[in-house]
Amino acid sequence: MDALRFLAVLENSPRYRGQIAHVHTLRTRAPRFGSLARPLPPPFEQALAARGISALYTHQCAALEHARAGQDIVLVTGTASGKTLCYNLPVLETLLTEPQARALYLFPTKALAQDQLRSLQDLSGRHEALQRVARAATYDADTPQGQRRKIRESATILLSNPDMLHAGILPAHARWARFFSQLRYVVIDELHTYRGIFGSHVANVLRRLLRLCRFYGSRPQFIACSATIANPEELAERLTGRRMQVVDDDGSPRGTKYFVLWNPPVTDQGTGARRSANVESQELLVRLLEEGVASITFTRARVLAELLYRYTRETLEEKSPKLAGRVRSYRGGYLPAERREIERQLFSGELLGVTATSALELGIDVGGLDACILVGFPGTFASTWQQAGRAGRSAEESLAVLVAHQDPIDQYLVRHPEYFFEQSAEYAVVDPDNPHILAHHLLCAAYEMPLRPEDSAFFGPLFDRLCELIARDGLLRRIDAKWYWASTLFPAGKTNLRTLSEDTYAIQDLTGGRNEVMGQVDGSRAFEVVHPEAIYLHSGESYLVRGLDLDARIARVERAETDYYTQPVVSSQVRVVEPEEERSLPGLKLVYGNVAVTRQVQGYARYKFYTLENLGHSSLDLPPRTLETKALWMIPAPEILSNLDRADDLNIPGPYRRFAALAGARNVFTAVLPLIAMCDRWDVGGIVHSTTLGEPSIFLYDRYPGGLGFSRRGYDLAEQLFQGSLRLVEECPCDQGCPSCVGRPTVPDAAPEISLEGSSWSESKAATRLLLRSVAAHV
């Protein structure tokens, strides 16, 4: 596409209001090729030549040399840099000389495994010798039962996902004895996705895998591939328990990419309110589609993907009816068959545009895309570049546009493009030793094979203590020095790698008497997403939740024509269970430890499509849920609070000043902390409370049982947290405070938390600034 011409057309249109805040040009990069100490076998040279490849990039050569030396490696290069060859080459080269060897490829999604199977078959199918040894097959929940035995017995390369390894392969390891005894390679693709809950679970699945490999006499070599993150070596080592060699000299070429920071215009100078980022993105997507530009739009949440699809489809039905059927939405929660069909339509070119969540962020080949719109900062710089890389996956020119929400981080980034484009990637956080997660996998491991004292080398320092605790519940039995599985249950079936919640709610469509399951939602989110009278969005259509059956775990919905969506209102309170560490900043005490957070969805608000006008609030009567987790809490010193009480320029009644400052700081902290901890904004919660400790305090907590290390990062880097938060508040152009700084978020996927002490006070920019200055000025 001609990106500069398209931007010029936008700037000259009547609706343009100076939204382009910055245009950054990523120049064309020429390829750099490497050489090998030992040439590739002739079958490889012929197969690569048939694909138009006459030389390998520098990183591909380096990866192959390290693999030949028997090293465990982690490859860190850009999107579309040819990472797939970095593991296919050493695996196929080994199979040529050791046809009895086996390789296990792990991908985070079934769709990606299917996509990579096609790529592998395309390579091996170009030479008879490769085709003979590369007997590749996918093995996942969709694999027909009649094919599974043949795959177990004959496949030399098995493409699967951690979920299937966890629940379908490891528990049945006796059937896989030959495979495990000859396992030479384990490939972990999209390593950067294995963080937080998912990564912590996967680390334990790999512990179980290596334990069984030891039993069968093998020691597989790891090859991991990752997008750019700050700690790829650390993450890979935490996941595998091995020392890793980093390969990051990217020699692949790149076409010119224009990256635009787009800020919706201010609609109210008094409040600083801006036009909806969703509406701006929809208009951009429509313009791109009308120009015939194949485009993808990424949103931060499922409801936003659906809203954007709805807005786009409705506009196209009026302006360009032929294009209305060439755009779809894509997100998690759709049934597998529906997702596969959308992927096929994208790859074939039947679809010209798609509105998606990060479910399409990974490297699935969806054909040639020329433009990418990011609706809001994705939460991490790693995801930002991964999503932007989906457009221009060849040497052609491409366009990426980040449309800023009225959100503290988004607004800071568009005001500081130098920070955006020069900032290094974040740290990926995993916690394999989270006791809630580890306990589940000890149960699974005991089911697979009795646990022995030497297994503590795989499962860490909590091994002995957790086995004893589990035995008290009657699930393990100790005989001599071994722990045996002592139940008729199937533990892997009770452990979902993608969540810490053990229950899932089905979403049942009642429209026209259908009674069909149309999706699902995790139990930890069900009360917020499918509460009674909620608007549930699916494929751009509105569904009204008619009822939520807590016993059957079913949300019953019905198609409804509405001009609004809903947003839950969540009340929270916190109880300190046990402090673990504490330290001081000037004017502030920091504590890290265990807390119990009780959250209750007390009601919901209705917001009008497009305008975001608040149409009213309704109450709900849903039971509270208590979460035992980790938290950081901050206790301002008495002199800091006294300064707030005495300040002359705050325009806030005395009794509310402290809470107005703390609430504003809480909102900013929950926006900034995810940048430090590389997590989603909704992975951390914030509460302002005074009754818990007898004095006003801010709590920042992990929204997962046992914690996942996010609040720990905030505790360790509190100085950075305060300095970044103060900079964000001071540079916001509003006067009194707005959602771009201290105000609560207004985007549809938000679930604002309020303290049970009441909400008669509101956030104050001036009070928050005074509080942050009092601390940040001295750190």
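Visitor: Which strand is joined to β28 by six bridges, and how do the two run?
Guide: Happy to start there! This is a predicted model, in which local features need pLDDT of at least 70, side-chain atom pairs count only at pLDDT 80 or more, and totals for chains, interfaces and linings use all residues. Residues are numbered from 1 along each chain as its sequence is written, and side-chain values use heavy atoms, with hydrogens and water left out. Strands here are DSSP runs of E with at least two residues, helices are runs of H or I with at least four, both numbered from the N terminus, and two strands pair if DSSP finds at least two bridges between them. Six bridges link β28 to residues 697-702, an antiparallel partner: β29.

Visitor: Which residue of β29 stands opposite V688?
Guide: V688 points the same way from β28 as V684 and G686, while G685, I687 and H689 point the other way. Across in β29, the residue facing V688 is I698.

Visitor: How many of the eight residues of α16 are buried?
Guide: Buried means under 20% relative accessible area, exposed over 50%, and partly exposed in between (1.4 Å probe, protein chains only). In α16, residues 381-388, the buried ones include F381, T384 and A388. The helix is mostly covered, and the buried count is seven.

Visitor: What is the relative accessible area of N515?
Guide: N515 sits in the loop between β19 (504-509) and β20 (516-522). Its phi is positive, about 55°, although N515 is not a glycine. N515 is partly exposed, at 47%.
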